[in-house]
Structures are given as structure tokens and as C-alpha cells.
Amino acid sequence: MLGKVTPNSEKQVLTSLKKMHGVKSADITFGHYDLVVSVEASDEVELQNLVLTKIRQNPGITKTLTLITQKI
């Protein structure tokens, strides 16, 4: 997932995300998006719950772009 955050809240949001169950890694980036977050879910329902009810509810996050990959 890619995320945009409110200015100067990157470190606070990053710390919060890293504590969430399902978040495997989170890093600050430079460019169009402020964060790259890797999450793992057993199915689309679990992924939807993680993104919609946990990650997007963080007050510092202003926009997300979810990219779904599949392990082969």
C-alpha cells in the first residue's frame, strides 16, 4: 500500500502502522507518496478490514493506494 500523510506526521504515522497486526513493514519514502506499507492478509475480507478500519482510520493518513500482490 502507498500512503500520503499530513505534513510532518510521517514518523508518528509510521510508528502507529508498525504496531498494527498484519503490517509486515512500513517505510518513509520521498516522492508522490510518503509511505510504503507491506501488509499480509489471508483473504480479501481480512485485507479490506485492515485497510479500511485500521490503516485509513489513522488521522495522519490522507490518501492510500492499495496494490494487491500474490505470492507464487
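The largest nonpolar core of this predicted model has 13 residues, and those with the most contacts inside it are Leu17, Leu35, Val37 and Ile55. A nonpolar core here is a set of buried Ala, Val, Leu, Ile, Met, Phe, Trp, Tyr and Cys residues joined through side-chain atoms within 4.5 Å. Buried means under 20% relative accessible area, exposed means over 50%, and partly exposed lies in between, with a 1.4 Å probe and protein chains only. Two or more residues of this core come from each of α1 (10-18), β2 (23-28), β3 (35-39) and α2 (44-55). The element that gives the most is α1, with three residues. Helices (H or I, at least four residues) and strands (E, at least two) are DSSP runs, numbered from the N terminus.

A word on conventions. Residues are numbered from 1 along each chain as its sequence is written. As the model is predicted, local features need pLDDT of at least 70 and side-chain atom pairs count only at pLDDT 80 or more, while totals for chains, interfaces and linings use all residues; side-chain values use heavy atoms, with hydrogens and water left out.

Let us turn to α1. Which of its residues are buried? They are Val13, Leu14 and Leu17. These residues cover an arc of only 100° around the axis, so they sit on the same side of α1; the arc is that of the directions from the helix axis to the C-beta atoms. Lys11 and Gln12, on the other side of α1, are exposed. The buried residues of α1 pack against β1, β2, β3, α2 and β4 (61-65).

Val37, already named in the core, is in contact with Met1, Leu17, Val23, Ser25 and Ala26, leaving aside its neighbours within four places in sequence. Contact means heavy atoms within 4.5 Å.

Next, the loop between β1 (2-5) and α1, where Asn8 is found. Its phi is near 65°, a positive value in a residue other than glycine. Most residues other than glycine have a negative phi. Asn8 counts as exposed because its relative accessibility is 76%.

In strand β4 we find Lys63, which counts as partly exposed at 42% relative accessibility. Lys63 and Tyr33 are 30 residues apart in sequence, with 8.9 Å from C-alpha to C-alpha.

Finally, the whole chain. The protein chain has two helices and four strands, in the pattern β-α-β-β-α-β along the sequence. Of its 72 residues, 33% are buried.
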